[in-house]
Amino acid sequence: MREPKTYFIRTYGCQMNELDTEIMAGQLQKRGLTPALDEETADILIFNTCSIRDLAERKVMGKLGKMGRGKKQHCLIGVTGCMAMAKKDALFRKFPHLDFVLGTNNITDLGTMIDEALYTRRQIFKTEDKFEENLDYLSAKRDNKIKASVSIIRGCDKFCTYCVVPYTRGQEVSRPPESIVEECRRLVDQGYKEITLLGQNVNSYGKDQPEWNCLFHDLLYRLDRIPGMERIRFMTSHPVDITLDLMQAIRDLPSLCEFVHFPIQAGSNRILKKMHRIYTKEQYFEKVELLRQTVPDVSLGTDIIVGFPTETEEEFQETCDALKQIRYSLAFIFAYSSRKGTPAMRWKDDVPEEVKLDRLQRLLDLQNEISNEERQLMLGNTYEVLVERLNRDGRQLKGRTRCWKKVIFEGDESLIGTLQKVKVHSYSHQTLLGELAKTPHLKVV
Ligand code: SF4
């Protein structure tokens, strides 16, 4: 067996998976491997998978199926991520040419797995339910030099009935605050301008470790004090754990962006209960009201599932009403698809596909209307934009406001990685178009 020299990691799914890819790439580079240009030429090929949606899983299964042992150019092929946790060694029966399966809680063991797979030529897997806390975050290999994601808590204890995450990522485990502060300090020193704190439910941070005396808002105050910290974001939240302390932190901390992902999922109390979201729509609305009173300029994002088992047209209308009432600036809307291993899988998926797609389209149209009205209100105002890169045309610059709105404007390439004030004059589809502001009159959203 030749010694592997290159690797390629194909990443599916959420930002947490992207971060895990960066951590694994860091481990591989520490071993002296270099990134391959593509899947075909890599000695070690890893699929870092996602199980949230059926489509993401089917894509990986299709790719793995095409890679029979006979056609294989690679020393090793491995599967990591949520699909590894959900399917474990059953993947070997389906794909005999697969060399290793490594769960989300064991990515620290990547090097050992590779050695074992190389030298024993046996298929090996490790998918433990409990997260290993000694993960080497600091050697994550990041390609983006302006924005970085930092993991603060892993797993989820909420058990929404449609979601595989509590089964694939395990229970909540917070990362020690000192380790997070140290990583963020290093990133700021390296010139990073924006840090996104990641977790399935960041608002639960610290609850599993009361002796730390550091809840999510306490952590934010500590991070905001890092000299040179420009922007902090966080993803994602459960409405139940959004506290007044957190709202006040958003209001008071200069680096904390005024954008909150506040997933409602459905507008009907019966469906929310069936989803086990542990709040009613009235409690949700109250919290949004409190947040808007505390941080008047805040922007809200949401996730919504349409066509959940037994959802009626009237209940779907309640979701439409919630959208109209809250007026989110961003909504990720999905048609329900059942996921193996979840409680909802036991219920009949009884909303016909065409009804789901029709509801999905109607909700997308409604959100589009709301977003356009919001963009209209932004015309003529000036916003702080973090310049991230050249636009696809190679001539204009592209960046995001503090509230995560995409902006394109004319400017010199040297502005990439800086914060600029941009006056919005128009928009095209979901992107705001603007010009560098001459006057400093600034809106934050
Ligand atoms: S809060 Fe619910 S939807 Fe979010 S990760 Fe946990 S179980 Fe899944």
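# A guided chat about the ligand shell and side-chain contacts

By class, the shell around the ligand counts 7 nonpolar, 2 polar and 2 charged residues. The model discussed here is predicted.

Student: Which residues are around the ligand?

Tutor: Happy to list them! The shell includes the cysteines C156, C160 and C163, along with K158, F159, Y162, V165 and P166.

Student: How many disulfides does the count come to?

Tutor: A disulfide needs two cysteine sulfur atoms within 2.5 Å. The sulfur of C184 is 12 Å from the closest cysteine sulfur, in C214, which is too far for a bond. For C403 the closest cysteine sulfur is in C257, at 7.2 Å, again too far. By this rule the count is 0 disulfides.

Student: Is C403 buried or exposed?

Tutor: Buried means under 20% relative accessible area. C403 has 2% relative accessibility, so the residue counts as buried.

Student: What kind of aromatic pair do F216 and F234 form?

Tutor: The structure holds 10 aromatic pairs, so let's look at one of them. Planes over 60 degrees apart count as edge-to-face. The planes of F216 and F234 are 85 degrees apart, with 5.2 Å centre to centre, and the pair is edge-to-face.

Student: Which parts does the pair of F216 and F234 tie together?

Tutor: F216 is buried at 4% relative accessibility, and F234 is buried at 3%. The two parts are 18 residues apart in sequence. Because of where the two residues lie, the pair ties together helix α8 and strand β11.

Student: How many residues apart are F308 and W347?

Tutor: These two form an edge-to-face aromatic pair, 6.1 Å centre to centre with 80 degrees between the planes. F308 is in the loop between β13 and α12, and W347 is in the loop between β14 and α13. The pair links distant parts of the chain, 39 residues apart.

Student: Which residue lies over the face of W347?

Tutor: W347 is partly exposed, with a relative accessible area of 27%. This tryptophan also belongs to one aromatic cluster with Y162, F308 and Y336. At 3.9 Å from the ring centre of W347, the residue over its face is K274.

Student: Where do E39 and R10 lie, and how far apart in sequence are these parts?

Tutor: Side chains of opposite charge can pair when their charged atoms come close. E39 and R10 form a salt bridge, with the closest N and O atoms 2.6 Å apart. E39 lies in the loop between β2 and β3 and R10 in strand β1, so the pair ties together parts whose separation in sequence is 29 residues.

Student: Which residue forms a salt bridge with D241?

Tutor: D241 is buried, with a relative accessible area of 7%. Its partner is in the loop between β8 and α6, 83 residues apart from D241. The closest N and O atoms are 2.7 Å apart, and the partner is K158.

Student: Which residues are linked with E194 in a network of salt bridges?

Tutor: E194 lies in strand β10 and R231 in strand β11, so the pair ties together parts 37 residues apart in sequence. Both of these residues are buried. Linked with E194 in the network are R231, R233, E258, E384 and R402.

Terms used. Residues are numbered from 1 along each chain as its sequence is written. This is a predicted model: local features need pLDDT of at least 70, side-chain atom pairs count only at pLDDT 80 or more; totals for chains, interfaces and linings use all residues. Side-chain values use heavy atoms; hydrogens and water are left out. A residue is near a molecule or strand if one of its heavy atoms lies within 4 Å of it. Ala, Val, Leu, Ile, Met, Phe, Trp, Tyr, Cys and Pro count as nonpolar, Asp, Glu, Lys and Arg as charged, and the others, Gly among them, as polar. Buried means under 20% relative accessible area, exposed over 50%, partly exposed in between (1.4 Å probe, protein chains only). Rings of Phe, Tyr and Trp (its six-membered ring) pair if their centres lie within 6.5 Å; planes under 30 degrees apart count as stacked, over 60 as edge-to-face and the rest as tilted. Helices (H or I, at least four residues) and strands (E, at least two) are DSSP runs, numbered from the N terminus. A charge sits over a ring if NZ of Lys or CZ of Arg is within 6 Å of the ring centre and within 35 degrees of the ring normal. A salt bridge is a side-chain nitrogen of Lys or Arg within 4 Å of a carboxyl oxygen of Asp or Glu.
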